[in-house]
Each structure stands twice: as structure tokens, then as C-alpha cells.
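The following exercises concern the chains of one structure and the sides on which they touch. Please study the sequence and the model before reading each solution.

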Amino acid sequence: MADQVLNVENLSIDIPLSGDILHAVDGISISVNKGETLCIVGESGCGKSLTSLAIMDLLPQKAVRTVDKLELNGSSILNYSDRQMSDVRGSKIGMIFQEPMTSLNPSFTVENQMVETLARHRNIRGKEAKKLAVQMLEKVGITPAKQRLKQYPHQLSGGLRQRVMIAMTLLCEPELIIADEPTTALDVTIQAQILELLTRLQADFNTGLILITHDLGVVAKSADRVAVMYAGQIVEEGSVYEIFDNPSHPYTRGLLSCIPVPGKIKRGEHLGSIPGMVPSLIGEFTECRFAGRWGDTLGKEEENIAHLTPIEGVDYAFLVHGTTDHVVRFCCNSCLKKSKSKISKGVN
Amino acid sequence: MIGSTIGTWEHIFGTDHLGRDYLSRLIYGSRISLLIGIGAALISGIIGTFLGVMAGYFGGRVDMVVTFLITVRLSMPVVLVALAVVAIVGGSLQVVIGVLGLLLWDRFAVVMRSSTLQIRSMDYVTAARAVGCSTTRILMTEVMPNVVNNLIVIATLEIAHAIILEAALSFLGLGVQPPLPSWGLMVSEGKDMMLFEPWLITIPGVALFALVLSVNLLGDGMRDVTAPENRN
Amino acid sequence: MISYALKRSILAILVALTVSMISFSLLYISSDPAIAMAGETASDADIEAIRELYGFDRPIVVQYWEWLKKAASGDLGKSYYFRTDVSHLIAERLPTTMTLGLCAIIFAIGLAVPLGVASAIRPNSIIDRVSLFLSVMGQALPSFWFALILIVLFSVNLRWLPVSGSDTWQHFIMPTIVLGYYAAPAIMRLTRTGMLEVLSTDYIRTARAKGLRPPVVLFKHALRNAIIPVVSLAAVQFGFMLGGSIVVETIFALHGAGFLAWESITRNDLPTVQGLILAFSLFYIILTLIADLINAWLDPRIRIG
């Protein structure tokens, strides 16, 4: 694919933990195209943040990353040395973190922290660098930009700091931006602004965007494609319309049913929730990862049963009948059976 | 010089310049070092803990005064003042213990103060006050048991500190006076002959080093046991 | 920032006054200045005469006030032993001690900070264990003994360095090492702890995500923040070195203020001792004041507020 920015195949992350191994991420594959927003959704602890760190090769020292393919714009960055990766980070892949309050160095000005990226990756310094920084600050909606440049992070509000982070990430015009819950720590009103900003900038620069979140509202608003993560695996992925209109994995259905819709929900009715807890990912799995969490996901109506077509060569992975890219994965046979999905044979 | 010999069965470590058995002096010297170390730490511990806990618990003016006192004490050149006082009053075991005790309380005060501040804001103290416990009772039953851990750690470190200081004072001739066998004094007495009979300074030096090292390690160990998160 | 500096300065003056008050009382109450001045061979009549002449029979408070007035204008009295102005004496000897102290603290920092940084980068590695080991050893080593060992080793056996005096820079090498090594362990541990903490912060993660090269991340971003508490500690240690200089200078016969202290103490030269205590404490106070100000300046959150 000519405009595929990122291709990750079969990524696993293992962390040794007092004698045993925590399988934080188990064989996931994702891809992002230019100008496309992929939202990775899941509960805390499902491995979303670790996935983004793995792509950047910024995992903590103890963690072990195994991946079959890791391609940026078609070329493999899998075996890049630390030096080569540091060239990629910040210039080809940019990252925005969750906590704007602590993500900027308190001892340096905004200008200093922005300009050093330009010096590092594009060899632009001095007046020209400052000019570019001012322009970028204005693009993210910070005015008066010149004054803000001279300020220190503690003088800026959370929303402003996040805008500075975004501006800083965009300075070198990366091809891929990974935003790890960029709005979670902000006020709801600011959240909407930041999201809008991100989508607008993405269109302007035609970057690929991976947006990691646990908020389905954000997904609905910003995503082109969605990957639902659970217990270290991607259980469902497809376009945002498919996922919301036709959720085919019990977990996705459970997530969607948790959203209270005013008007639809009657007074006194229980709010939807997924029973049970995320299983521990330490050691090998003896039972289904979704055990005990089925709750009410199957519903009573016939239309809730998913029609699936198996994908050749991949265990437990299915295409939703009638689509080309809506994929569902089950963790084991018992899961598959319990979901009562209708499996039809034949190539799609 | 009279018989500075080494390694006979009668005198395993030899004798010093006055013919006294070295090993016995070494052993008695350890008693002196420990006596001074523990004595000074005891006195400074009482002073420092009292000041620190008062400052931490009552805050306000009391805290201001104590903090000022601590700053004054820190600004005083300890070695200089200790030397001067001992020179004037005369060197003896009691004087050295007293002087060191009156000068080394600052770390106690600082640590006790911050520990007490922490404890004071805890819920169980507020609960005790709400129930109407008297201040003394609260201090005795709620505050003290919880700061004792830090207290023990600091105490061991200050014992080591006092031992080293006393050795330095005695070395300069302004600490424990002869014929008492302070290790510092032994090094000083031996230094004239150190080129020919290096054991005269090596042995007490190593003894000092070993004692201080053990006390320090004890303090570090206690710190690990009582508050492992404080560990470096 | 200005008001902070002002407040600290006033506090500093109060502290200096209190210190001088305490030391004055200690010295002049516990000994008889008249005897000290007259010398041991003087007769009772002479002593009495001196007592009246110099007003040693007046209440201590009055005596202190007199001393203070003169001290404020730079007159610290006359040395009983050297028969010259105390302020002259001290001014003459202080530069040597300052030089020694400066060299010692630079030595300590030069040794401790790199070790602390290296230990933090690779915790529990060999270099980490070696640094911790050295710091534990260093704190248990008595300075006067260390000095003697160095003398035996380098002056006598190897004949590399001179033993005593203060003529050439080689004379300062061993004293610098002896004075400096004691401050190194604390600085090393503080650097290590600070760096460990800073290296796990979010903004260091951001710096790495920006693709900055490791030395830049380490020295520009991390060390800059970790060093802040170390500055205060280094200043405090520098202040303590004055006390340590007494032992070191006396052993190496370096003609600095520390040696002067020992000389005047053993000779009961009260004005000099009092003057030295004042000088040492003022030095410490000014040093910590500067350290606090540097601290406040280094941290933009305090500087700008």
C-alpha cells in the first residue's frame, strides 16, 4: 500500500516480573495510512500505552519486544539501533503524552524546548527556528505566541501545555503521530478543543494519527478506524461506522452498552457494565480471557448474533460477513462457542 | 625509646613508646571511643529530639525559634568551638562528652522536626486530640513511637560522628588527655615514629576505621529495616 | 526574588550576631582573659592592673557590646600572642584556607557527581556498587589518619609530594584530597538519588520521544534538574570544610586560617579565637545564603513565581 505509514505485525511485549513473565501484549497487528486516524480503545491496563512505546522503542529496559514486522512508510525500522531510532523519533514519529502538567521540563522555556527539536532533526537554529516555533504556536491556537515562547511550563495551564506539546510534536512534520490519551487529564471543554485541533492539523499535514483512548465519545468523534484492545489482544477492528453499528465481539458490545444514552435508558434501569475484572496477564493462560465477563452481551434478539467468515491461516480470526476489513478475534475456542456466532465458510 | 617492639607472645601488638602493651591500650581505647560516642549521642539526642519534636508538634513561634537555633548551631564552626572550650576548661572524658553532646544535636533536631510534622498531620493524632487527650499523652503515645525509628537511625550515625570527632580532637591534643588510651591520642603519639614503626599509627587508625564503619553500617541497616523506601 | 533575598539577609545577620554572642560568652566567661593576656609568669598585681585597664571586670554584656561596636568597624582587637591586629592576621591567613577549600570542594564534586550520574544510569551495576562501597568507606575514614597515610606514601616512600608548608601548588595536593574526600560520599548519594528520580519523570520520557541524543537528555534535561539540591549540599559541605581545615592545615603546616585557629587556641589567644569564630560563621552564613539564592534562581518556579 503506497500510503501506508505504519505497519505492525504480531507485536508481543513481555515483562519479567519476580520470577514469572507478564504477557502485556500478545500478538497484535495494526496499520495506519496517511491522513487516517486509528483509535485504539480499551480499559486501563490492556496494553495500549505499551504498544505505542513499543513502536517508538521506548519501552522500559526490562520489557522485551518481539515483532515480526515493524515498518514505517514501507521500510523496516525493526532492527534499528538506538541511534537510528533517535533519528526517527521526533522527526518521523511524534508522540503526545497523557499528562501535560508533567511532560514538559520545568527548567526550560517553551522556546528552548521547541527549538531544540528543530536543531536536532532539521538543523535549523536561531532566528529561523524561533520564527517556525512562533508559527506553529499560532497554528495550534496559542496567541500571543511570542510571549508564550518566553514562558516556563509552570506559567501555562494544562490545556495550553498540551497545545505546546502538540506544536512541539508537529514542528518536524512527522508522518505519524501517536497520541496517548491526550485529553484525559483535561477539562471536558478543553478536551473538545484539543481533539478538534488534532483532527484539523492531521488534515493539514496529512499525517497518520494513532489516538489511544478509553473514551468511546472520543472514538466516535475522531476515528476513521478503530481497534478494540482487551487483555493484551486486539479483539475487534474495523471502520468506526462498522464498530459502532455492528459490534461483533462480546467485549465491544459490552463497551458500547455501558454508554448511557439519555432517552433510551429508563429511570430505575441499571446502567450497563461488564461484570468481572481484567484477568491477570502473568504466566500462561489456562482459561478464556473473557471468562466470567459475558454478562448481557448476547442479548435476547437474534440480530445480536454475529455472522462471521473465518480468515485463512489465522486462528480464531474472522471477517464480519459482508465486509472487507471488519475483523473479530476470539482468544480461544470456548469464547467462540459461547458467542454463538454464526460461522459461514467460504471466501469473502 | 623504650622497647617499641612488635609481635612477641607477651605483647602481641608490641608496645608503644613508653613500653605499654599495645593490644591492651587498643582494647581499652575502644571502650573510650564507645563511651564518648554513645554518651555524646545520648546528650545531643535528648536535646535535639526535644527541640525537634516541640518545633514539629507546636509549629508557629516555637518552630521559628527552634529553626533559628538550628541555623545558629549550624553556622557555628563545631571543631573550632569544641577545641576552644576544651582548651579552656581542660580535657577530660566528661568534658569531651559534654562538649560534643552540646554541639551535635542539630541533625536530631532537623530529622525529629520533619518526622513530627509528618505524624502530626496524620488522622490518628487528630483523633486523639478530638477525644481530648492531653498534649503530653499524645506526644508520648502517638508521636514518639512513630519517630523512634528515625531516632535510632540518626543516633547510630551520630555515635559514629562523635567517635570521629573525638579522635580528631584527641589527635590535636585537645581532647582526651594521656594516659587515657584514646585511639586518636595513640595515633598522635605514634606519628613521630611513624616512619620507622608504622604499626603505631596503622593499628589504631584501622581500629577507628573499623569501628566507625560498623556503626555506620548498623545505622544504614536499621534504616533499611525500618523504612526501606529511604534507602538510596 | 528580591524580597526573598532581603529576608534571608536579615536572618543571616541575626544568626551571625547570635553566634558571636554565644562564642564571646563561652570564651570570656570560662577563662580569665586577664591571665590569658598577661601570660603565665605575670604577678597578681600585673593581672589586676590589666583587668582594670582593659575593663575585664565589667559585666559580660558590656564587654560584648564594646567588642561588637569595634567589630562592626572592622577592628577585632589585638592578638595576645602575635601582638598584631586580629583582623590583619585573619585577612592574611584566610586566602590560603579559601584556596584549599575551593580546591577541595571542586575535587569532591569532580569525584562525586560523575560517579553519582554513572550509578544512576546503571543502577545495581558494578559501577553503582563500587560507588556505594567507596562512599561507605570514605565516611568511616578519619581524616587525620588518612593524611598521615598519604604523607607516608607520597612524601616519604615515593617522594612525589612535599610534606609541609604552603609555597607551591604541589603543597596543596594532599591537603585537598584529605579535606575533600569526606564531602564526596554525601554529594555522590544525593546526585544518584536525584538523577534516579529525574530519569523516571515524564519530561525525560518526552525528551527521549523527541529523539534527542542520550547525552543531551542526560546532561541538558536530567542533570539540570537533579543538580538543584546538590548545589545546597555542596555549599554546606564547603562551609564545613573550614572546621576540617583546622586538622588538615595543622598536619600539613599550611599557613591558613585553620592553622591559625589551632595556634591561637593552644595559646589561649582569646581575641583571635573570637575573631576566627566570627569569620568562620560569617563565611558559612554567606555561603548558605548564596547557595539559597542560586537555588532559587535555578528553579524557574521560584525565580519567576
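**Exercise 1.** Determine how many residues of chain C are in contact with chain A, and which elements supply them.

Step 1. In this contact, 17 residues of chain C meet 24 residues of chain A; two residues are in contact if their C-beta atoms, placed from the backbone, lie within 7 Å. The model is predicted: local features need pLDDT of at least 70 and side-chain atom pairs pLDDT 80 or more, while totals for chains, interfaces and linings use all residues. Residues are numbered from 1 along each chain as its sequence is written, and chains are lettered from A and ligands numbered from 1 in the order in which they are written.

Step 2. At least two residues each come from α10 (202–209), α11 (214–252) and α14 (300–303) of chain C. Helices are DSSP runs (H or I, at least four residues), numbered from the N terminus.

Step 3. The largest share, 6 residues, belongs to α10(C).

**Exercise 2.** Describe the side of chain C that touches chain B by elements and by class.

Step 1. Chain C gives 39 residues to this contact and chain B gives 34 residues.

Step 2. Among the elements of chain C that give two or more residues are α1 (2–30), α6 (126–140) and α13 (270–298).

Step 3. By class, this side of chain C has 25 nonpolar, 12 polar and 2 charged residues. Ala, Val, Leu, Ile, Met, Phe, Trp, Tyr, Cys and Pro count as nonpolar, Asp, Glu, Lys and Arg as charged, and the others, Gly among them, as polar.

**Exercise 3.** State the secondary structure and the dimensions of chain B.

Step 1. Chain B has 9 helices and 0 strands; strands are DSSP runs of E, at least two residues.

Step 2. Along the principal axes, the C-alpha atoms of chain B fill a box of roughly 75 × 40 × 30 Å.
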